[in-house]
Amino acid sequence: MLEMKEVSKVYGRHQALQPVSFSLEKEGIYGVVGPDGAGKTTLLRLMAGALRPSSGEVIHTTGAKIGYVPQTFGMYEDMSIAENLHFYGQLNGVPAPEREKRIRELLDRTGLAPFSDRLAGALSGGMKQKLAIATAVLHRPGLVVLDEPTNGVDPVSRQEVWEIVRSVLREGTTVVISTQYLEGAGLCDEVFLMHQGRIIGRKSPSAFVSEFPYHVWVVRDAGSVRVEWLPRLRQEPAIAEAYARGTDLVVLCREKERVKEMLETLRRDREGVGPVEEEPASYEDVFTQAVKEAEGRESA
Amino acid sequence: MFRRIGAMVRKEFLQLRRDKRTLAMMILLPVIWLIAFGYAVNFDINTIRVYAVDRAANDDSREVLKEIDGEEKFVVYGKLKNEQEAKKVLEENTADVVLIFPEGYRRMPQKDSEKLRIQVDGSRLFTAQSALRKINEVLFDVQKKSMDDMKQEIQDRMKQGAAPEMGIQDQPQMQALLRSMPPERAQAFIEDLKKTMKEQAQKQMDERWKEMENEFPRPGLMKPEVDVLYNPDLKSVQYMIPGLVGLVLIFITTLMTALGIVREKERGTLEQLVVSPLRSMELILGKLLPYFLIALVDFLLVFLVGVRVFDVPFRGDFLPFLLVSLLFLIGSLGMGLLISTVSQNQQQAMQLAVLTLVPQFILSGFVFPLEAMPWGIRWLSYLMPLTYFIPVSRGVFLKGLSPLDYTLPLAVLGLYAFLFIIIASVRFRRSLA
């Protein structure tokens, strides 16, 4: 479907992407996650063909049919939903009768049908993203690249966007999607984790979680003691990470029982602090820790 | 390929239809310029307001004022007491010209102190120039008339001098001779002699007059025979409209192309186009074609209004002129495209477009003649495409020449069109990557 051979990108003196090589062979949803400035957008633009690589080669093995939704809204705001769809359909060589049918179908699927005459500029964030995705898949591409399509979208619309993405996959289109909302990564078949222009991991989301070497302890209702405990816990060699999440305190560690004991001891002296419970690792924990370790390796 | 370009062109027109401001600018700008340059920008002043400080108050000063008042373009508003008042009316802009007649003013002065003084407001350059030109013409006519009068007076005086009352019979010798004659014969003799002498004197005078007249200047012939070709009434509008055709073409196309492409870049839509199967050449053509067509409509609009409404003669052939205009148009499109490749946003594109267009407006010879520019500036003019289009346009419009008579400007326009389009296309393709 897509092969990247030693592909890199340099902007002036800034190496936005270190040479990467991989291929997408199976149909599926591929997620790209990583902190800001990790090179996600550069990688996606290269995959979509919106950017020429500084070195290496991008090979689209399924032909040139690609759909792309850039990070910034790339539709014509002074044209209606229907006009945008027709224009891109024409550009992509979708014949008129088929185009009509396909546009109706996509408008229904995205829930945009009642607004087809509305100018794209007058749409809400969620509707804009749905229009962008509908436009990108109108010509039934083999590969569609979506750059943070759930960014700035309310939770309900985010859910709808993911449903549309899954329906696109059912049509036989492989999806590459970057996202800041890490829970979305769980919906992918495979995830590329990026950091500082490098791909530092490529696994299925379940593998990322199952191979996570840390246990997660949560101290419930630790609101009053968080400030006091956090510096101390972070200095503990057995603890990899400690952070506050709402009123809870989250601790990542390798030595499960020892750390539990330590937390229980601390808790016993305090009134109002809730129980210490184990939780499965979240994607946020997994990716954040992986990035930190990569940073540690680099500085070492 | 044509289907994709067609889709781009349709999309551009659809957007233009929605973007009323841009559309209005593209249609209204030429109309506003037509009105401005056709009616307003006129170096010919129609009414020149005159005041006078008449210290002479003699026949000559009155005669000059009468003559000036009689001229169509002059209106003599009144007399002023002194130079201070003259300065005031010029300052207040209630007068265009003040005439100061010194004491003892003469139409044909002999001394400096008898000369007329004229004051004009140099801060209003064109009014001052026009007023001075016109007033000199009137003064020349007045002096011409004075010379005619003077000539007549001399002739009359000479005639009077030719018939002196001759007391020849009072001479002692003549009296002795007459006494020796019978009285009747003497009377006849003296009459005869007087007549002969008078005739002789008259003959001599006539000969001298003839000699003098040959030497005497002939005021009627002092003005050269002026034959103004191509624009006999020296109307500004006939000079402006052929240039305006070029100005409209270059402004509309350069500005609109630059802004149109940068807008796609700025709004992120260009990236979508790049990912589509649209090739870069198709993208360029799809973007340029609509502006090309609109510029063509503007061209025809200015041309037709110029010829029909402002009566600018079009003496050349239309088709060759249209072809040269298209060549120029292609160059302008290329310039717009080039600007779009070096601009990141519409503001930058606008600034760059203005930076390239305004000097062309000033330095191309559209308003001010190239010949009046110093060399340091003139070479800048020679870098500008409009400098080469304007002489061709004026030549075809007013002189009825063929564009082929302008080989060098034509070659330069062709070179510009070729270079701009090639460089801009290459840069554009590279910027897409």
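The radius of gyration used here is taken over C-alpha atoms, and the globule rule it is set against is 2.2 Å times the number of residues to the power 0.38. Select chain B: a compact globule of 433 residues would have a radius of gyration near 22 Å, but chain B has 36 Å. This is a predicted model, in which local features need pLDDT of at least 70 and side-chain atom pairs count only at pLDDT 80 or more, while totals for chains, interfaces and linings use all residues. Residues are numbered from 1 along each chain as its sequence is written, and chains are lettered from A and ligands numbered from 1 in the order in which they are written.

Stay on chain B. Its C-alpha atoms fill a box of roughly 135 × 50 × 40 Å along the principal axes. Chain B holds 16 helices and 4 strands; helices (H or I, at least four residues) and strands (E, at least two) are DSSP runs, numbered from the N terminus. Of its 433 residues, 32% count as buried, a term for 20 or more other C-beta atoms within 10 Å of the residue's own, with C-beta atoms placed from the backbone. Two residues are in contact if their C-beta atoms, placed from the backbone, lie within 7 Å. Among contacts in chain B between residues at least 6 apart in sequence, 77% join residues at least 24 apart.

Next, colour chain B by domain. The assignment, automatic or from a database, gives domain 1 (2-40 + 236-432) and domain 2 (44-150). Their C-alpha centres lie 47 Å apart.

Now select residues 206-431 of chain B, where UniProt, in an unreviewed entry, places the feature "domain: ABC transmembrane type-2". Such annotations may be inferred rather than shown by experiment. The span is 77% helix and 0% strand, and its end C-alpha atoms lie 93 Å apart.

Move to chain A and select α2, residues 81-91. Of its 11 residues, 10 are buried, among them A:Ile81, A:His86, A:Phe87 and A:Leu91. These buried residues pack against α3 (96-110) and α4 (125-137) of chain A, and also against α1 (2-18) of chain B. Just after α2(A), A:Gly93 takes a positive phi of about 70°.

Finally, show the contact between the chains, which takes 21 residues from chain A and 18 residues from chain B. On the side of chain A that touches chain B, β5 (66-69) and α2 each supply at least two residues. The largest share, 5 residues, comes from α2(A). By class, this side has 12 nonpolar, 6 polar and 3 charged residues; Ala, Val, Leu, Ile, Met, Phe, Trp, Tyr, Cys and Pro count as nonpolar, Asp, Glu, Lys and Arg as charged, and the others, Gly among them, as polar.

How values were computed: A residue is buried if 20 or more other C-beta atoms lie within 10 Å of its own, exposed if 12 or fewer, and partly exposed in between; C-beta atoms are placed from the backbone.
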